[in-house]
Amino acid sequence: MVTAAPVAEATGITKRFGSTVALHDASIRIEAGQTHALVGRNGAGKSTLVSILTGLQAPDEGEVSFGGEPAPRLADRDTWRQRVACVYQKSTIIPELTVAENLFLNRHDHGPGGLISWKAVRDKARDLLETWSVDVDVRTPARELDVEQRQFVEIARALSFGARFIILDEPTAQLDAAAINRLFARITDLQQQGVTFLFISHHLQEIYEICDTVTVFRDARHILTAPVDDLPRTELVAAMTGEAAAEAVSRRRGPSAHAAKVLNVAGLSLPGVYDDVSFTVRAGEIVGLAGAASSGRIEIAETVVGLRTATGGTVEIAGARPRPGSVPAALAAGVGFVPQDRHHQGYVPDMSIADNGTLTIPDRLGRAGFIDGRRRDHFARSMIDKLAIKTPGPQLPVSGLSGGNQQKVVTARALANDPKLLVLINPTAGVDVRSKEFLLGKVEQIAESGTGVLIASDELDDLRLCDRVLVVFQGRLVAEIPGGWHDHQLVAAMEGMNLDV
Amino acid sequence: MSESKTAVAVTGNGSTGGTAGKGSSSRSTGKRRIAFARLRDLALIPAIIVIAIVGQLVSPVFLQADNLINILQTMSEIAVLVLAQTMVLIVKKMDLSLESTVGLAPGVAAWLTVPVGAGHGLGLLPGGWSVPITLAVGVLVGVVNALFIIRFGLNGFIVTLGMLIVLRGILTGISGGQTFFRLPESMLYLGTTQWLGMPASVWLCLILFAIGIVVLGFTTFGRSLYAIGGNVDAAKAAGIRTDRVLWIVIVTASLLAALGGLLLSGRLASVASGQGNGYIFTVFAAAVIGGISLNGGKGTMFGAFTGILLLFMIQNVLTLGGVPAQWIGALNGTIILIALAVSRITGGKAQD
């Protein structure tokens, strides 16, 4: 069956960033009038594909075409805008301006005398929003829109440029259930009016609800494209994870059942983020906290270490209750902590390895607030040895290290005060394979020595060494999976899908 | 699964049915909100009225035309700087060097045109050149600022802080630390003439603000200032040539500062080596009190005007009230702090 040219097609796309390959010979073909889902785990190459499809980046190899015509030049923004638009998770709206002005920014209507006619702009904006039945007052300042309204306004703006192909980048991540339903109703509506959507979501259930076709990317490659109805969920998950259904071998013995609890979380709640979370970690135990990026797992871990304050519930660390919301108190109670984003919270880039590694333990470096440089460097050298950090010496600024070694410095700092509880958030994000293995091996060693470990991550490799994995979905603990799980079992739970349906 | 699909469809219909009701309610809140937004623009009007009443109670002279014109005239030069700074702040930049340009631009003109023998004048050029030179120096300073800030991507605060010191130093250098007197006629004109019973500088100031209000409110160029200050990436994505707009804003700001300096020199019939010293604090205070955000993208020209007007009315009341001149400075600072606190309360949001 030969149909009309696809709305958008990318063939043989390869894109490299330095030595990493973001996309390798990837293709996607989006037929007119479809709602096409693009899924893949983090790092699968989805966002790179989006930026190539929207003309923000040029592929190294391969071609993009719209409706059978080759894509315009990158500099020709106007033509791109008439072909495709993307509604990102991050707003591209100017908060201080009204909705009307945001819609017609830099293409205002001019009245007599060359001045902007605000009435004409408002009328046109109102018409536009009415055409696409978006119910927002055009005089509202954009900052007052909620996420849902903002998305609708951005969709309407995209349509007003003439684009009939719209990419939605995780549109449901910040919406509640009712808003998601309204968004889906809108998508269905627009689809009937001839708009094609590429829908990116981590929530597989949604794909079964509104998409016609699904494309799976994994490890920078295109894995499959199939009609949603022909693809059982298990196969979709298998395609996302790779057929790595091999039994995970537990390399270590779990903690004894009598080991003391080093972390006891009871009834922890933070409205809108997580709700009634309770769990324990024993000495020597490694517990995973799995979930999608916006599931609340990171926030739970951050609450344990005092970066956030819960509104209800308690955190007990090694029998003590540190003051909620206080990092020093948590550190004093025996917590070591690797934060979510090392660039942001992990280290001070221009300070030396020695300074960074000992930031949490100044009291051990000297008396009365003075720091003994020799003692600090001694500490730092032992860290460098222990964690095999590749550096000429402890005086090198951390910014001069590779990603893997930077992460080792952050880990070293977490270990500096011999913690009873080690909390790791995305401990191997942006780290090369060898450093990753090394770091995870180190974590196992530390657990052997009797430290309780909590790993909040969505990276399967991080979670594989856990004695058990707690799955967080939309702010709640929904499952506890003992070690030795299958990939698809965990991924399905993280994506909020019940494989038994 | 088919069940869930129908469920979606039903809720979808339900929501479209329900939106009519929701729409009308959001529209009415919209109206209230707009009224409120306009109020924000007029936020200082009540304060101005209160000060007018207090002023009248302190001294019956206050509301007389002469005194009001006096207020407008003393504030006219600095108001031009507020106008310039407002544009710069809206695009999320800063220009501290404006206060030095106020002194240097007319200073260079005086240096070149004032005859030998009177202070440090060189008498190289006839007096008619003085106004063009003043404005040209303003443009030149703006170009240097823009070159550093836009072309080389340096931080505007530090660049213009450096420029502030350099320009002030140049003026001290060429004047030998002395004051230029016996300025050419053309330099005195704008600062001394009366048009239709009001000083020309007052007219100029009011006209410039009127132009500013129209440009910022009703032209594509003016709106692009807000877009750049609010979200520069979104502005670029909307096809705005952000660098070009920034160039125009920064150069225009310095040009306006030179004009302000010209008005001041004309009124005082001299250029002191410290002319404009310390103005920038009042300028920033007036802009922020007037609702301009230091974070860019927010505030109106009218608001900025009410800000500077309020400050000068208060000063005038203090003078009429017989506050010793030695204390005016301390009181001024206090008033600025109080006004900032009040506008923080009425604005409702943290200033940064």
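This note goes through chains A and B of a predicted model and then one residue of chain A.

1. Secondary structure of chain A. The chain contains 17 helices and 19 strands.

2. Extent and burial of chain A. The C-alpha trace spans about 75 × 55 × 45 Å along its principal axes. Buried residues make up 49% of the 501 in this chain.

3. Contacts in chain A. Taking contacts with a separation of 6 or more, 67% are between residues 24 or more positions apart.

4. Chain B. Here there are 14 helices and two strands. The chain has 352 residues, of which 42% count as buried. For contacts between residues at least 6 apart in sequence, 77% in chain B join residues at least 24 apart.

5. Position of Ala320(A). This residue sits in the loop that runs between strand S14 (312–317) and helix H10 (327–332) of chain A. Is Ala320(A) buried, exposed or partly exposed? There are 13 other C-beta atoms within 10 Å of Ala320(A). A residue is exposed at 12 or fewer and buried at 20 or more, so Ala320(A) is partly exposed.

6. Ala320(A) and Asn426(A). These two residues are 106 residues apart along the chain. Their C-alpha atoms are separated by 26 Å.

How values were computed. Residues are numbered from 1 along each chain as its sequence is written. Chains are lettered from A and ligands numbered from 1 in the order in which they are written. This is a predicted model: local features need pLDDT of at least 70, side-chain atom pairs count only at pLDDT 80 or more; totals for chains, interfaces and linings use all residues. Helices (H or I, at least four residues) and strands (E, at least two) are DSSP runs, numbered from the N terminus. Two residues are in contact if their C-beta atoms, placed from the backbone, lie within 7 Å.
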